[in-house]
Amino acid sequence: MGPSGRRIKNGARLAMHLCGCQSPAPFQEDDRMPHTPSPQTFRPAGPLRGSIAVPGDKSISHRALILGAMAVGETRVSGLLEGEDVLASAAALRAMGADITRDDDGTWHVHGVGVGGLLQPASAIDCGNSGTSARLLMGLVASHGITVSFTGDASLSKRPMGRVIDPLSLMGASFTASPGANGTQCFPLMLEGAHPAVPITYRLPMPSAQVKSAVLLAGLNTPGITTVIEPVPTRDHSERMLRGFGAQLDITQEDRARIIRLTGQPELQPQDLTVPGDPSSAAFFMVAATLVEGSDLTIRNVGMNPTRAGLVGVLRAMGADIEELEPREVGGEPVADLRVRHAALKGIEVDPAVVPSMVDEFPVLFVAAALAEGTTVTRGLDELRVKESDRLATMAAALEAVGIRVEESEDGLTIHGTGGEPLRGTANARIKTHLDHRIAMSMAVAGLASRDGVEVDDVAPIATSFPRFESMLSAVTPRPA
């Protein structure tokens with residue numbers, strides 16, 4: 001074991017051992033339950049009209065359940081996103097002692113175990129496709145004296161976990177990870193928590209709200225002050241919510257960096273929370289209404305946290321007609337209704353500084369760029385290489401398949417738009433989504449703005465973040481007679 005306390009072994013054997021599995025065979029993707037793809041073609045439609053409310057914010061939903069589980073007493077949550085990713089977090093927290101239930105009206109109740117109160121789970125924690133569940137729960141467990149095996153689906157098992165393992169190892173946690181491509185550390189893995197953990201000062205090597213949140217969650221049950229330094233600010237839902245639950249959290253600016261200091265071992269107070277609409281889900285409808293002629297769509301209750309609202313500014317810079325109605329605050333988060341009308345777009349060079357505030361929205365922005373006049377240039381998107389898929393390569397291939405000229409660089413795409421002319425469509429080809437929900441939804445939007453329709457190879461992954469996406473899209477896009 002190295003000085004960081006990290007051990008790299010065949011994590012699959014240990015994961016299976018903790019699950020009670022008998023087979024000692026090494027982990028293989030083919031050992032999983034086979035996935036049956038669900039292809040679908042998205043065709044041109046009439047203008048998007050009316051008013052919709054997108055599901056609750058995924059990032060906030062995860063954190064509401066996690067911090068509710070760390071509080072003493074009952075936390076009530078309305079508007080929770082009930083996608084597979086968030087449900088994976090709920091199941092994991094139940095397995096470690098929290099009592100989490102749902103009323104018929106959609107209100108969720110979380111009876112927490114208190115900071116430091118997580119219990120040893122009886123079997124492995126399955127995070128499914130959720131990278132947020134994986135990284136945040138690893139942080140939460142890292143400062144508890146328990147041992148937890150983490151598993152995920154084939155897509156999650158390819159995603160690197162080293163950026164979380166590194167700081168949590170410095171805090172005293174030990175990891176046994178499965179080897180991934182290019183020497184990366186991946187799921188399944190086993191985590192042995194440190195009790196007591198060691199407070200650290202950690203400077204993020206690259207912007208990541210998930211890594212920041214993992215360290216802060218580990219710091220909750222760590223004596224002393226845990227410090228995270230952000231050279232580039234990322235989404236701040238964790239900081240807002242930690243303060244709302246009563247944690248002592250101080251934020252300062254030093255030499256342009258954001259310094260976050262968390263005092264460990266607080267007694268968190270339960271909350272009544274309302275989750276605003278997810279701007280990442282609203283993004284698909286914002287772009288669709290912008291692209292389809294005649295559209296006039298209002299998207300209600302959208303989270304407008306400035307660390308998440310980058311897409312609105314970029315689309316406006318391209319010429320989009322997006323109006324904010326009734327700006328207000330809900331549960332400590334700024335929200336507004338967004339009225340979006342069709343508008344012609346022009347290509348721009350997107351400032352890399354906005355990437356942290358819209359990192360998940362770039363796939364659908366690429367679709368908007370494909371129909372803009374001129375060229376759109378994006379840079380600073382290294383993070384998209386290690387999402388559910390390599391989103392740069394996957395979107396470049398998808399746009400080329402529907403007739404767009406795309407140049408792929410190491411950290412971005414250059415897209416030459418049609419000037420508003422409909423996309424060609426896929427003819428007899430299927431877009432390969434690589435089990436990535438955002439690729440599937442982005443290319444569904446592309447289908448609305450095409451001549452012949454766009455067929456994606458699998459829409460099943462959409463359920464991880466937006467189970468009602470297809471029905472909601474049908475409701476606001478009447479099909480031509």
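**Exercise 1.** How are α9 and α10 oriented to each other, roughly parallel or roughly antiparallel?

A note before we start: this is a predicted model, where local features need pLDDT of at least 70, side-chain atom pairs count only at pLDDT 80 or more, and totals for chains, interfaces and linings use all residues. Residues are numbered from 1 along each chain as its sequence is written, and side-chain values use heavy atoms, with hydrogens and water left out.

*Solution.*
1. Locate the helices (DSSP runs of H or I, at least four residues, numbered from the N terminus): α9 covers residues 310–318 and α10 covers residues 362–370.
2. Their axes come within 12 Å and cross at roughly 5 degrees; axes are lines fitted to C-alpha atoms over the stretch in contact, with angles from 0 to 180 degrees between N-to-C directions.
3. Angles under 35 degrees count as roughly parallel, so α9 and α10 are roughly parallel to each other.

**Exercise 2.** Find what the side chain of Ser 155 reaches.

*Solution.*
1. Look in the loop between β8 (147–151) and α5 (162–170), where Ser 155 sits.
2. Check its accessibility: with a relative accessible area of 5%, Ser 155 is buried (under 20% relative accessible area, 1.4 Å probe, protein chains only).
3. List its contacts (heavy atoms within 4.5 Å): leaving out residues up to four places away in sequence, Ser 155 touches Asn 129, Glu 388 and Leu 435.
4. Finish with the side chain of Ser 155, which reaches the backbone oxygen of Glu 388 at 2.9 Å.

Key: Helix = DSSP H or I, 4+ residues; strand = E, 2+ residues; numbered from the N terminus. Buried < 20%, exposed > 50% of the residue type's maximum accessible area, 1.4 Å probe, protein only. Polar contact = N/O pair within 3.5 Å; in protein donor to acceptor, adjacent residues only side chain to side chain. Parallel < 35°, antiparallel > 145°, perpendicular 65-115°, else oblique.
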